[in-house]
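Dear colleague,

Please find the structure below, together with its sequence. A short account of the findings follows it.

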Amino acid sequence: MSALQSASGKSHAANPKTYDVVVVGAGFAGMYMLHRLRRLGLSVRVYEQGGDVGGTWYWNRYPGARCDVESMQYSYSFSDELQQEWDWSERYAPQPEILKYANHVADRFKLRPDIALNTRVDRASFDESGNTWSVTTSDGSTVTAKYVVLATGCLSNARMPDIKGLADFKGKVYHTGHWPHRANYPEIRRFAREEARNGIYTEMPDRGALDDGDNERRARYESRWAYGGLTFMAVYNDLALHKPANDTAADFVRAKIAEIVKDPQTAKLLQPNNHPIGSKRICVDTDYFATFNRPNVTLVDIRSNPIEEILPNAVRTAGKDYEVDALVLATGFDAMTGSVAKIDIRGRNGQTLNQKWAEGPKTYLGLMSAGFPNLFIITGPGSPSVLSNMMVSIEQHVDWITDCIAHLRDRGLDTMEADKQAEDSWVAHVNEVAHTTLYPQANSWYMGANIPGKPQIFMPYIGGVGVYRQICNNVAAKGYKGFAMTAAEQPQKMAAS
Ligand SMILES: Cc1cc2nc3c(=O)[nH]c(=O)nc-3n(C[C@H](O)[C@H](O)[C@H](O)COP(=O)(O)OP(=O)(O)OC[C@H]3O[C@@H](n4cnc5c(N)ncnc54)[C@H](O)[C@@H]3O)c2cc1C
């Protein structure tokens with residue numbers, strides 16, 4: 001019997017298919033969640049639809065895949081021993097090495113016995129009479145759990161494009177997010193690139209782009225460009241906020257691309273022209289732009305000449321056929337909400353999460369959604385998630401959720417649920433902060449713009465990882481202000497603040 005079961009006075013020993021916590025997903029979030037909950041003495045079952053642990057790094061094996069946060073930062077920090085014994089071979093670790101690291105963590109902390117691989121969670125419904133979740137998996141079995149934690153990942157639901165003829169293509173078709181496991185292209189891997197993006201720890205200067213004269217500004221951009229990586233957008237403190245400032249960075253990058261890419265037409269297509277630079281992920285990367293100078297690389301502008309159809313051996317745009325042996329669909333993901341939406345999640349009164357989120361995701365702190373008690377989301381919409389070093393955000397959420405479950409257990413509390421009012425205020429705040437930046441001006445996946453029909457809302461919280469952590473800590477310190485809790489044996493609500 002687990003600590004939680006003994007605290008709530010309920011024994012599940014007679015039924016082995018009852019757990020304190022079901023965790024969905026065995027990427028970095030699910031693995032660390034398991035580790036922390038086990039240390040609380042709880043019984044935990046992790047379900048992972050993939051054939052092994054690692055999440056993103058299990059699925060995305062395309063040539064050149066690697067992280068765009070420096071490896072020293074893109075690592076767990078919860079164990080000193082783990083940090084000491086693991087060495088990264090490169091500044092930005094390639095995918096095979098990150099996957100090896102994930103496997104090392106799974107073995108080192110003996111996580112595997114509690115992880116069911118090749119098992120998808122199809123359905124989770126909340127039983128209001130017993131305050132438990134009933135979770136049904138792809139092998140047809142159902143288990144119950146007091147808590148469910150969605151560690152399903154922000155970029156784990158690969159988006160397959162709907163293009164006429166795709167199904168009849170005779171060559172191989174790959175999606176970057178479902179890359180075959182035996183593929184290995186060392187030659188292409190040499191051209192591996194890292195992308196730069198916002199939200200990672202770096203010194204932010206106390207000056208804006210227009211505070212410097214032309215020469216000084218160019219020198220600063222040059223030096224960051226040469227250094228490489230995502231800190232390029234942190235040369236000045238207002239690049240994401242002020243369009244004239246942003247334009248100086250965009251001009252610099254456009255000039256760089258024109259310098260590197262020999263064909264002016266190709267260079268023009270690669271230059272950021274229809275959105276503030278940085279509001280979509282930027283490529284400030286070794287050899288990325290130079291790749292377009294290779295004789296076997298052709299860039300076709302499908303914005304002005306959309307793909308008309310896929311023929312058995314070619315791609316047709318504007319009446320011209322490009323013969324190809326294989327197709328790689330680098331069409332991204334139904335980000336942040338896609339994997340959650342695929343699960344039939346039913347909360348109070350049988351309401352589904354998809355119904356509730358029909359006009360865009362609604363959460364309090366990105367951690368819980370009102371009407372869905374004891375259901376936690378790791379790096380959910382409304383938290384910094386994809387705008388941050390995800391390892392930092394994952395650890396922060398897992399630690400917060402662990403403390404929260406311990407709090408409930410220690411006080412004999414049965415349910416915890418986001419308060420509707422607190423949730424509405426948070427959603428409004430997330431939106432308001434987003435609109436103080438240039439991000440919503442881009443048709444990006446942060447906005448859901450790559451998925452036809454998806455509500456266009458800026459999903460992550462852009463207020464900053466530090467600010468956000470402080471908010472979460474304050475909420476916890478005030479007895480989980482903004483969350484409603486019920487006691488184990490009493491149906492009435494207890495004020496949490
Ligand atoms: C190509 C690529 C590069 C990236 N690079 C970086 C980077 O440099 N820095 C950074 O901070 N972030 C990066 N990310 C984001 C990355 O997703 C996170 O860093 C991190 O790996 C997320 O871990 P996670 O455990 O939250 O989710 P994931 O790694 O996505 O794991 C979620 C798991 O849940 C499983 N799952 C989903 N639904 C179900 C279900 N219904 N039933 C069972 N299992 C389910 C999935 O199969 C998956 O294995 C990158 C993402 C991609 C795609």
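Which residues around the ligand come nearest? Of the 36 residues around the ligand, the nearest are Gly25, Gly27, Gly55, Cys67 and Gly153. A residue counts as near a molecule if its C-beta atom, placed from the backbone, lies within 6 Å of it.

Two remarks on the source are needed. Residues are numbered from 1 along each chain, as its sequence is written. The model is predicted: local features need pLDDT of at least 70 and side-chain atom pairs count only at pLDDT 80 or more, while totals for chains, interfaces and linings use all residues.

The protein chain contains 14 helices and 16 strands. These are DSSP runs numbered from the N terminus, with H or I over at least four residues for helices and E over at least two for strands. Of the 497 residues in the protein chain, 42% are buried (20 or more other C-beta atoms within 10 Å of the residue's own; 12 or fewer is exposed, and in between is partly exposed; C-beta atoms are placed from the backbone). 

The shell around the ligand draws at least two residues from each of α2 (28-39), α3 (56-59) and α12 (390-410). The largest share, three residues, comes from α2. By class, the shell has 18 nonpolar, 14 polar and four charged residues. Here Ala, Val, Leu, Ile, Met, Phe, Trp, Tyr, Cys and Pro are nonpolar, Asp, Glu, Lys and Arg are charged, and the others, Gly among them, are polar.

Helices α2 and α12 also pack against each other, at an angle of about 30° and with their axes 10 Å apart. Axes are lines fitted to C-alpha atoms, for helices over the stretch in contact, and angles run from 0 to 180 degrees between N-to-C directions. In this pair, Phe28, Ala29, Tyr32, Met33, Arg36 and Leu37 of α2 meet Met391, Ile394, Glu395, Val398 and Thr402 of α12; two residues are in contact if their C-beta atoms, placed from the backbone, lie within 7 Å. This contact of α2 with α12 has eight nonpolar, one polar and two charged residues.

Helix α7 (residues 214-227) packs with helix α8 (residues 243-260) at about 60°, their axes being 11 Å apart. The two helices, α7 and α8, are therefore oblique to each other (under 35 degrees is roughly parallel, over 145 roughly antiparallel, 65 to 115 roughly perpendicular and the rest oblique).

Finally, Ala428 lies in helix α13 (residues 420-434). Ala428 counts as exposed because it has 10 C-beta neighbours inside 10 Å.
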